[in-house]
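Work through the exercises below with the structure in view, and try each task before reading its solution.

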Amino acid sequence: MLIQRRIMKFFLLVSIANSEFENRTRLKVKENRMKKYIPTTTFDSTDSCSDGLNAKYCTPPFEDITRVLKKKFEASQTCGIDQSERYCKRENEKWSCKFCDSSQTAQMLPTRHLNDHEKTTDEETCWYSGSVIEPGQQTQIRSESDLEKASTRNITLKIDFSHPYEISFITMKFCGPVPAAMVIYKSTGNNDEWQPYQYYADNCLETFGIEPNEEITRLNQEKALCSERYSKNKEGTRVSFNTVNNRGDSSVSPVVQNWMTAQAIKIELLKPSIWPVDNNGLKTPSSTLVASYQYAISDIRVSGHCQCNGHADSCEIIDGQPKCICKHGTVGATCNMCHSFYQDRPWQRGTKANPNECRVCNCNLHTNKCKFNDSLFKMSGNQSGGMCQKCRHNTSGASCQVCKPGYTPDPNKSVDSPKYCKSCDCHRVGSKSKNCNKSNGA
Ligand SMILES: [Ca+2]
């Protein structure tokens with residue numbers, strides 16, 4: 001009797017173990033099928049783009065873009081690029097003149113000095129443009145007022161990030177007086193179309209026809225302003241442009257997000273400032289005036305973050321090219337499209353108020369292909385527009401939720417089972433057609 005009981009208990013335990021094993025295997029199979037049908041660009045509770053259940057607006061961290069990308073500015077003119085050239089600056093209230101020459105390492109003043117991020121002013125490295133007075137006019141310069149009247153070459157500095165960034169700050173440290181006139185432009189694409197971002201002048205109205213320091217309201221959130229703050233003050237050397245100042249929050253307003261977004265920056269230097277000299281009766285020599293009438297900058301920093309439309313919290317540099325690591329079912333360089341299986345509603349950029357994540361199509365695990373269908377979306381009251389494509393396992397319908405003609409739902413299977421639709425198996429004799437009653441299979 002005891003042996004019989006032990007044998008029964010053994011078989012009972014084996015049967016429980018088997019059923020648990022079957023359950024686990026079934027779950028594993030379902031999990032693997034989910035992976036096959038639902039791409040992994042979905043919510044991940046470990047990032048800031050989700051709270052584990054719902055999508056959240058997210059954005060990559062702010063960074064010093066030129067440092068991260070290791071990109072250099074391109075200058076339209078650099079001191080000593082073609083031949084040895086003289087340049088002069090005021091140091092300790094005296095003129096100091098040296099030679100720049102791009103063929104001599106010790107005399108180079110290249111654009112890489114704009115982003116070499118020296119820590120102290122003792123080791124300050126500068127880019128010099130070289131004199132901006134046309135060579136034919138240089139001999140006519142006798143005094144500071146001749147410099148004011150001379151026709152000069154405009155100098156441009158350009159940098160292309162090869163990806164849109166939301167720019168928050170641009171700072172420039174000059175190795176001398178801030179120019180009397182300059183403009184920062186931005187471009188949002190590769191088409192060399194430049195939009196003014198900020199004007200600087202010692203007289204905004206006279207130079208650009210713009211009132212200085214205009215107030216920003218909701219009506220002119222994307223208007224470039226003109227500042228006299230730096231150019232008027234001949235002693236200052238640092239210019240700081242806060243792109244968002246009083247314009248609002250890019251995580252809330254698409255207008256501000258547009259305003260902040262730039263793929264390339266161009267700085268147009270239109271008129272140098274004359275070095276402030278002591279009124280000690282000593283006349284500055286003409287050659288020194290000519291050689292000092294140029295631009296010199298030691299540092300340009302552009303701060304911002306990768307533009308990922310509120311759908312990524314990191315941006316990786318792959319082969320020198322920034323790339324958003326897209327979440328919320330989005331894909332594309334700036335997470336600007338919905339993934340091919342996240343087509344249940346149209347793509348929208350994410351904001352703090354609404355993360356606007358792309359929604360996965362519900363195809364009951366019978367396909368991994370779907371398309372957005374506008375009529376379906378409208379019919380559902382703008383809730384669901386995903387139309388499943390190429391439904392397998394003998395299913396059909398917008399969500400692969402019905403059985404094809406000739407098949408009927410198996411009441412013992414769930415709608416996402418590959419065996420949900422079973423053949424009607426109607427006998428040829430006595431059947432009107434090979435189709436059967438969809439609900440009971442008769
Ligand atoms: Ca430098």
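The model is predicted, so local features need pLDDT of at least 70, side-chain atom pairs count only at pLDDT 80 or more, and totals for chains, interfaces and linings use all residues. Residues are numbered from 1 along each chain as its sequence is written, and side-chain values use heavy atoms, with hydrogens and water left out.

**Exercise 1.** Find the donors that coordinate the calcium ion, and state where Thr-125 and Ser-298 lie.

*Solution.* Begin with the rule for donors, which are N, O and S atoms within 2.8 Å of the metal (3.2 Å for Na, K and Ca); water is not among the atoms, so sites may look incomplete. At 2.2 to 2.6 Å, the calcium ion is coordinated by His-113 (O), Asp-116 (OD), Glu-118 (OE), Glu-118 (OE), Thr-125 (O), Thr-125 (OG1) and Ser-298 (O). Along the chain, these donors follow the spacing H-x2-D-x1-E-x6-T-x172-S. Thr-125 lies in the loop between β4 (94–100) and β5 (127–128), whereas Ser-298 is in strand β12 (residues 296–306), so the pair ties together parts that are 173 residues apart in sequence. Strands here are DSSP runs of E with at least two residues, and helices are runs of H or I with at least four, numbered from the N terminus.

Next, consider accessibility, where buried means under 20% relative accessible area, exposed over 50%, and partly exposed in between (1.4 Å probe, protein chains only). Thr-125 is partly exposed at 21%, while Ser-298 is buried at 1%.

**Exercise 2.** Describe the largest cavity and its lining.

*Solution.* On a 1 Å grid over the protein atoms alone, a cavity is a set of points where a 1.4 Å probe fits but cannot get out, a pocket is an open set with protein on both sides within 12 Å along at least five of seven lines, and lining residues have an atom within 4 Å of a point. Grid points are joined across faces, edges and corners, and a volume is the space filled by probe spheres set on the points. The whole structure has one cavity of 30 Å³ or more, and the largest cavity holds about 100 Å³. Its lining has 14 residues, with Pro-177, Trp-275, Gln-294, Tyr-295 and Ala-296 nearest the centre.

**Exercise 3.** Describe the largest pocket, and then the second largest pocket.

*Solution.* The largest pocket has about 520 Å³ of space and 24 lining residues, of which Arg-90, Glu-91, Cys-175, Gly-176 and Trp-275 lie nearest its centre. Strand β3 gives the most to this lining, with four residues. The second largest pocket has a volume of about 420 Å³ and is lined by 19 residues.
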